[in-house]
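Good morning, everyone, and thank you for making time for this.

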Amino acid sequence: MSRTKVGELLESANTVDILFFVRDNPGCYKSEIYQNITRNAHTREKIARLCDDGLLSATPTGKANNSFLNLTDKGLDIVCLLSEIEDILDNSDD
């Protein structure tokens, strides 16, 4: 069974939260993700995957193992769509 990229994105724990955090804190340190979102052992791989998928950019800070994170244009488009989904879910008449 083939999986969709959107399914993989939504299924991965904390990935959407990471994207929203970077949107709200542009230029944040990678270490801030660990402090504010998750200390999961796989967070490093999740951030790398978001960079590989072209949703985040990571700029080295000059300090060992740390980078500034920003949304790319593609990442901003995805976060805007996810925000629309969030609004729909918040305003549903269930």
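Before I describe the sheet, one definition: two strands are said to pair if DSSP finds at least two bridges between them. Please also keep in mind throughout that what you see is a predicted model.

Let me take the two pairings in turn. E2 and strand E3, which covers residues 67-71, run antiparallel and are joined by five bridges. Within that pairing, Ala58 has Leu69 of E3 as its bridge partner, and Leu56 stands opposite Leu71 in E3. The hairpin formed by E2 and E3 has six residues between the strands, and in this hairpin Gly62 adopts a positive phi near 95°. On the other pairing, E1 and E3 are antiparallel over two bridges, and here Cys28 is the residue that stands opposite Leu69 in E3.

Why can we call H2 largely enclosed by the rest of the structure? The reason is that seven of its 10 residues are buried, and buried here means a relative accessible area under 20%. Those buried residues of H2 are Thr15, Val16, Ile18, Leu19, Phe20, Phe21 and Val22.

Two loop residues deserve a moment of attention. The loop between helix H1, residues 5-11, and H2 contains Asn14, which has a positive phi of about 75° although it is not a glycine. Asn14 is partly exposed, its relative accessible area being 23%.

The other loop residue is Gly54, which lies between H4 and E2 and is likewise partly exposed, with a relative accessible area of 24%. Leaving aside residues up to four places away in sequence, Gly54 touches Thr72, Lys74 and Gly75. The C-alpha atoms of Gly54 and Leu71 are separated by 8.7 Å, although these two residues are 17 residues apart along the chain.

Let me finish by stepping back to the chain as a whole. It has five helices and three strands, and read along the sequence they follow the pattern α-α-β-α-α-β-β-α. The C-alpha trace spans about 50 × 35 × 25 Å along its principal axes, and buried residues make up 27% of the 94 residues. Among contacts with a separation of 6 or more, 49% are between residues 24 or more positions apart.

As for the surface, the accessible area of the chain comes to about 6,400 Å², and 51% of that belongs to carbon and sulfur atoms.

Key. Residues numbered from 1 in each chain as written. Predicted model: local features only at pLDDT ≥ 70, side-chain atom pairs only at ≥ 80, totals over all residues. Heavy atoms only, no water. Helix = DSSP H or I, 4+ residues; strand = E, 2+ residues; numbered from the N terminus. Buried < 20%, exposed > 50% of the residue type's maximum accessible area, 1.4 Å probe, protein only. Contact = heavy atoms within 4.5 Å. Areas by Shrake-Rupley, 256 points an atom, 1.4 Å probe, with all protein chains shown as cover.
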